[in-house]
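Please describe how this protein model is put together, from its overall composition down to individual side-chain contacts. A report with the cut-offs stated beside each term would be welcome.

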Amino acid sequence: MGQTASVPKPGTQIQVIGAGLPRTGTASFSTALAILLDGPVYHGGTQITRGSPCELKSWIRILRAWLEGDRATVLSLIKVRLNGYAAITDTPGCQLLPELLQLYPDAKVICTWSNLYADGRRFNSEKEVSDTIPQGVIYSRHVAWLQENVPAEQLVFFDVREGWEPLCKSLRKDVLTDIPFPHVNDSEGVARTARYHAQQALIRWAAIFAIAGIAITGFMRL
């Protein structure tokens, strides 16, 4: 995940739907997209854990409406939440692809598959992952759904280890040669997020104790 939440830019519209599942290089992919599209990218994991509390609340509302089958509300809430972003990546977006495709039918759909690990192992292809680890079965089903439901000319599979060239070409952008391709470690991102929330919890408890201390002092003075 990224280190900080992105801020929406008025007038910016979704150009890319990131269909890659979590832990497939979505943080690196998001950073690269922000450079190429010159706009903020909604990396779900980062926005929900590092953004405003309204981020989490809005997705709870969206998922509740989704479970209730209220598609109109789901579409309306997603559109509001993604207003001002150039792309969406990671979860929960990658679990709401039918809705995203309906809202943004012209967006390029890019599925990352790199950085899939199991017991420290790294794999060289989607099929190798599927054949080796149980989670790969889920990924293979995800890929199959994409291939069945997204037009071939709109769908791209991207390995972040390949760098700028395939990504730039898929988006019809000049290949960047003067900027290194960003490589953000998802595991380190998870650790940073855990530390962040631990610090925030300590701050909140410190505030609670401070308020309690002030109240006790006030009562003692009565």
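The report below goes from the whole chain to the sheet, the cores and selected residues.

## Basis of the description

This is a predicted model, in which local features need pLDDT of at least 70 and side-chain atom pairs count only at pLDDT 80 or more, while totals for chains, interfaces and linings use all residues. Residues are numbered from 1 along each chain as its sequence is written, and side-chain values use heavy atoms, with hydrogens and water left out.

## Overall composition

The protein has nine helices and seven strands, where helices (H or I, at least four residues) and strands (E, at least two) are DSSP runs numbered from the N terminus. Of its 222 residues, 42% are buried; buried means under 20% relative accessible area, exposed means over 50%, and partly exposed lies in between, with a 1.4 Å probe and protein chains only. Among contacts (heavy atoms within 4.5 Å) between residues at least 6 apart in sequence, 74% join residues at least 24 apart.

## The open sheet

Five strands form an open sheet in the order β2-β3-β1-β4-β7, and the pairing is parallel; two strands pair if DSSP finds at least two bridges between them. The edge strands are β2 (41-43) and β7, each of which pairs on one side only. Neighbouring strands of this sheet are turned by 20° against each other on average, direction ignored, with axes taken as lines fitted to C-alpha atoms, for helices over the stretch in contact, and angles running from 0 to 180 degrees between N-to-C directions.

Strand β4 pairs with β1 (residues 16-18) in the parallel sense over three bridges, and I17 stands opposite V109 in β4. With β7 (residues 155-158), β4 also pairs in the parallel sense, over four bridges; here I110 has V156 as its bridge partner in β7, and C111 stands opposite F157. Four of the five residues of β4 are buried, so this strand is largely enclosed by the rest of the structure.

## Nonpolar cores

A nonpolar core is a set of buried Ala, Val, Leu, Ile, Met, Phe, Trp, Tyr and Cys residues joined through side-chain atoms within 4.5 Å. The largest has 29 residues, of which I17, I78, L82, L100, V109 and L146 touch the most other members. At least two residues of this core come from each of α3 (53-67), α4 (71-81), α5 (97-103), β4 (108-112) and α7 (135-149). Apart from it lies another core, of 18 residues, among them V41, V160, L167 and C168.

Leaving aside its neighbours within four places in sequence, L82 is in contact with I14, Y42, I88, L100 and Y104. In α4, the residues V74, L75, L77, I78 and R81 are buried, and what covers the buried residues of this helix includes β2, α3 and α5.

## Aromatic pairs

The structure holds five aromatic pairs, counted where rings of Phe, Tyr and Trp (its six-membered ring) have centres within 6.5 Å; planes under 30 degrees apart count as stacked, over 60 as edge-to-face and the rest as tilted. The rings of F29 and F158 have their centres 6.1 Å apart and their planes at 50°, so the pair is tilted. This pair links distant parts of the chain, since F29 lies in helix α1 (residues 26-37) and F158 in strand β7, 129 residues apart. Both F29 and F158 are buried, and together with W164 and F181 they form one aromatic cluster.

## Selected side chains

Two buried polar side chains come next. S58, found in helix α3, counts as buried at 13% relative accessibility, and a polar atom of its side chain lies 2.7 Å from the backbone oxygen of E55. H142, placed in helix α7, counts as buried at 12% relative accessibility; its side chain reaches the backbone oxygen of A19 at 2.6 Å. Not counting residues up to four places away in sequence, H142 touches A19, L21, C94, L97 and C111.

K173 has its place in the loop between α8 (164-170) and α9 (186-221), and at 33% relative accessibility this lysine counts as partly exposed. K173 and L36 are 137 residues apart in sequence and 7.5 Å apart in space, C-alpha to C-alpha. With residues up to four places away in sequence not counted, K173 touches L36, L37 and C168.

Notes. A polar contact is a pair of N or O atoms within 3.5 Å; within protein, one must be able to donate a hydrogen and the other to accept it, and residues adjacent in sequence count only if both atoms are side-chain atoms.
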